[in-house]
Amino acid sequence: MTMFSTITQFLSGMSAEKDRNAVFQAASPLADRYNSVATSTAGLVVTGTSGTKVPKIGAVAFQGIASGVPVTIAAATDMPALSGSITAAYYNIFCFFIDSASVVTSAMGTEASSLAGVKFPQFPTGKALVGYITVTYASAFVGNTTSLNTATTVYISPTGAFDPNVLI
């Protein structure tokens with residue numbers, strides 16, 4: 001029988017509490033990304049309906065791990081309503097997350113005048129990234145009001161450990 005080890009168990013061998021705390025603070029975000037991940041693509045898509053305001057899971061169910069717990073979202077499930085607005089001709093990102101109770105939430109990044117300038121939202125601890133969309137419009141975009149059914153909305157469904165806020 002194999003026992004799983006935790007970061008805390010590995011750090012218990014360090015004699016200085018200050019050192020243990022420093023290493024724990026640095027390792028915790030990385031550990032969270034590895035135990036809260038998408039294990040299959042969400043295949044995010046527009047529902048195909050004119051005026052659609054939310055993306056949905058594609059033709060195959062999403063599978064993932066949130067805080068070490070297997071989670072799933074059925075195929076063709078709508079994602080939560082988007083909240084927030086984007087200035088005309090600016091870019092932004094909306095991320096979708098799932099927790100260990102299979103509750104799906106969304107979070108908006110920080111807009112910029114170019115896609116390269118956009119900042120992802122802080123990824124919540126214990127939640128897996130289901131996917132994200134990039135949005136830009138010639139006019140102002142208002143979440144849950146403006147249609148996503150346009151050529152300027154891009155759907156991304158990464159798999160594995162991904163957190164653009166964990167930088168070196």
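Which residues does Thr87 touch, not counting residues up to four places away in sequence? The legends below take up this question and then turn to a group of paired strands in this predicted model.

**View 1. Thr87 and the residues it touches.** Leaving aside residues up to four places away in sequence, Thr87 touches Glu111 and Ala140. With Glu111 there is a side-chain link to look for: a polar contact of 2.6 Å joins the two side chains.

**View 2. Thr87 in its loop.** Here we step back to the loop that holds Thr87, which runs between strand E6 (85-86) and strand E7 (91-98). Thr87 has a relative accessible area of 40%, so it counts as partly exposed, a class that lies between the cut-offs of 20% and 50%.

**View 3. Strand E7 beside strand E9.** Follow the chain from the loop of Thr87 into strand E7 (91-98). E7 pairs with E9 in the antiparallel sense, over eight bridges. To get your bearings along this pairing, look for Phe94, which stands opposite Ile133 in E9.

**View 4. Strand E9 and its enclosed setting.** Strand E9 covers residues 128-136, and nine of its nine residues are buried, so the strand is largely enclosed by the rest of the structure.

**View 5. Strand E9 beside strand E11.** E9 also pairs with strand E11 (residues 154-156), again in the antiparallel sense, over three bridges. A handy landmark in this view is Tyr132, which stands opposite Ile156 in E11.

Conventions
Residues numbered from 1 in each chain as written. Predicted model: local features only at pLDDT ≥ 70, side-chain atom pairs only at ≥ 80, totals over all residues. Heavy atoms only, no water. Helix = DSSP H or I, 4+ residues; strand = E, 2+ residues; numbered from the N terminus. Buried < 20%, exposed > 50% of the residue type's maximum accessible area, 1.4 Å probe, protein only. Contact = heavy atoms within 4.5 Å. Polar contact = N/O pair within 3.5 Å; in protein donor to acceptor, adjacent residues only side chain to side chain. Pairing = 2+ DSSP bridges.
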